[in-house]
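Good morning, and thank you for coming. Please look at the sequence and the structure on the screen while I speak.

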Amino acid sequence: AGSGASGSSTVTTEANSSGSSSLTPPTRNHYEVFLSFRGLDTRKGFIDHLYNGLINAGIHAFKDDNELRQGEKIRPDLLAAIKNSKILIPVLSVNYGESSWCLDELVQIMECKNNSTGHIVLPIFYKVEVAHVRHQIGSFGKTFLERESRLRKRGFDPMILEKWKQALIEVCSLKGFNADGYEGELVKSVVRKVLNELKKEFQLVISENLVGIDRHIEKVMEFVNNNSRATLFVGIHGMGGIGKTTLAKTIYNKLSNKFEHRSFIADIRESYKSNGPKYLQNQLIHDILKQSNQVSNRDEGIRFISSKFEGMKVLILLDDVDDDDQLMALAGNHNWFSLGSIIIITTRNKSILDNAEVDYNYELEEMDEDISSILFSRHAFRKDAPPSEFDVLTRDVVSTTGGLPLALEVLGSFLRNKKPNIWRDTIKKLRKVPHKKVQEKLKISYDALEYGQQQIFLDIACFFIGTDGRIASYMWDACDFFPNEGIEVLRSMSLIKVGDDHELIMHDQLRDLGRDIICKENEREPQYRSRLWDTEEVMKVLKRNKGTSKIEALCHHRDFDLGGSYTAYTAEKFKELTSLRFFQVNNANLTGDFQNLLPQLRWLEWNNCPSDFGATNFHPKKLIVLDLAGSQISNDWEGWGPLKMATELKVLNLTCCALRTTPDLSAFRSLEILILEDCEDLEEIHPSIDDIKALVSLNVNGCSKLKDLPLGVGRMEELRELLINGTNIQKISILRGCLMKLETLDASNCGLLAQPPESLGSLVSLTQLDLSCTGIEELPESIGSLKKLKTLKASYCVSLAHISSSIGHLTSLSLLDLTGCSKLAQLPNTIGSLVSLQHLLLSECHSLRKIPDSIGKLESLIELRLKSSAFEELPESIGSLKKLKTLDASYCASLAHISSSIGHLTSL
């Protein structure tokens, strides 16, 4: 049968291993499609074709024989898979009703559907009639009734039998598919339907604040719609920063649900230069065929793509192509793809599109004055039009930008809150710069920066796009660049953005500006520039031992040689690099005598370093950041000894290293950030961590073999972030009066964690607490001491049955998430004291029948989620929630009364 997952109301009956339900999950037990089927009927035929059809379309599907992980119990795994899948597909065949597992799955599937948790059910009636399934007659009914008879003779619970029958009736009322024709066509139909339902999952991220783009979309889409049966190459060209990528991504999103095979290759110009053609070819092949590392060189990639894609209808977006060879390597001509395929290409160079003979060549022109004024005003004044006293000045600035969106954004941010005389000086300066030299216009903002801010800008442009700004700031601070102020200034001037995960973001035009500034330091001799990132230039300088004291930062990324060897860097190559503060390298070894070399090195990023250490007298005493991610090093690696000379080290990143235990860390007494994320073999953290009194962040997320933390962690005075998500830690030991500065504790997905820390109440600085998907049974009295707590997540803690009344003391709490706490039967009345609470999430609390009347005191509440819970009424006091904007009480089957006071919810 299907693998057999059920809800709390169903019970496992007979073990039956011949069935069921997808693919390699993106996260634990999270899928897009769950397949429930009777293996005896369909496993080796229809299900195999359907499963592979879904995978080939890039859809994460669950099928038990591929995905049950060794050592896990079958029923909880499948229960989670069903609940965490967006689309549920029961394949009802003649023997489906003979399997208790299949029927238990079906009950759970219909419960998810009826609880309106966003699940979509798409039944497939495989060689059975819908009426036969609904009424349990015909060949389907015969096997079901025989099963029922045997179970009744054994005294089987008749309530479960009735639930099975009810689920069969309900599933037959849904629109589904009938397998009574060609199965290949049916698979295609199901995959198309699933793709359409998942449309938003495949869409690319674009700005929500678009100005003046609609007319461009209409023109391109009109051509595409009028030629939908042909293979189309659509080119979009224009100057840098004009919005080509935004337009192309918007069109891609509009078309994505019509294609099973899609690929977006971003920033080809930069990636091709850094990684070569085979990297991009392999990315395209993986996106379309879901096959990894298929080609080893450009010519092999061309042969592979042109032959394997020939019969496939694809949607491909190739972003920022700047050379004919790049396009030839990825999409040489129309014959590579099936009819109906669409290849979208963005480029600054129109001749590339002409040479490729694209079907439609769209030039994205500058914004007109009215649209430009709106965009500029949004950045300069936070509204669509300028104040009257700035009306003339705004027109003057807009006229100098040439309608370039990026220039409008940057200059608008630069002039925000500036006095009119600064505006006039800026306008005069802008008018001296030729219009086509956009980088020189952008340089106006760069010139306004102080020295340290300029150095940070140049470092980001050359090396740190996508890097966590908090980590980079350690080096900048050591160099006296004052990063806290510098980053804020760069953000306010729209020279950079900082993402939700603190990553540094910079537009490619600004990146090019920064790199151009470096290149102009010496256009002919790269060894006399302050920063080197181009692989060829780096090799030229190092190979010829031409390093100079001018070089401050150097990055050299390379692939393994064919034999898997490392590049050897001898000490001689670094003899003259006396100013080098940043060195980023991978797949390399350092050899020779480094006595007195690299005296200014602050950042060493040495990914995939070898297990043998060939350098002698390597003493980077000023090292601040050490990143050895992805290396096959152990705790007794010979490199640890020399590196322990770095007594001022602030950041140690050992992500994905092959460590079973960490090395002795006692030498790194200044360490503030220790990252051990996804060290899957890590079983122990060396007790020397007790000696690190300055540690601010400890990240062991994903260290699945780690069962406990050293006792010293619970005594740390400076620790602000403790991340143990997805570990096997059973207990968090915190001594009373310790961890007084801890702000974030993430213990989610620690399934063996049965209770919060005993001294939880002593964490007086805690603002974020996540205990989701743990085994905790209560939120104790001590939780009321967390006066600064803003976010408390305990979702899907299925054993949580009690919440202390002290929770009412959490006056700073903004979000309380108790979703899926199925045993929780009562909320304390003190919940009404949560004066700062804005979000209260109580969906799927199946035992919670009453909301305290005190809820009316939650004067800050804007969101209340009660969906699929057991509430019987909404109290009178709910009318007092004047700020409430969202109230979801859908699928509360027991809800019998709603107070008339709901009419007082004026913000709803």
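Let me begin with one term: a residue is called buried when its relative accessible area is under 20%, and exposed when that value is over 50%. Please keep in mind that this is a predicted model.

By that cut-off, Phe 582 counts as buried, because its relative accessibility is 1%. Trp 603 counts as buried as well, because its value is 3%. In the protein, 55% of the 908 residues are buried.

I turn now to the aromatic rings. The whole structure holds 30 aromatic pairs. Phe 582 and Trp 603 form a tilted pair, with 5.6 Å centre to centre and 45° between the planes. This pair links distant parts of the chain, since Phe 582 belongs to strand E17 and Trp 603 to strand E19, 21 residues apart. There is also an aromatic cluster, whose members include Phe 574, Phe 583, Trp 606 and Trp 637.

The charged end of Lys 63 sits over the ring of Tyr 51, 4.4 Å from its centre. Likewise, Lys 418 lies over the face of Phe 414, at 5.0 Å from the ring centre.

Finally, the overall form. The protein has 27 helices and 36 strands.

Conventions
Residues numbered from 1 in each chain as written. Predicted model: local features only at pLDDT ≥ 70, side-chain atom pairs only at ≥ 80, totals over all residues. Heavy atoms only, no water. Helix = DSSP H or I, 4+ residues; strand = E, 2+ residues; numbered from the N terminus. Buried < 20%, exposed > 50% of the residue type's maximum accessible area, 1.4 Å probe, protein only. Phe/Tyr/Trp six-rings, centres within 6.5 Å; stacked < 30°, edge-to-face > 60°. Lys NZ or Arg CZ within 6 Å of the ring centre and 35° of its normal.
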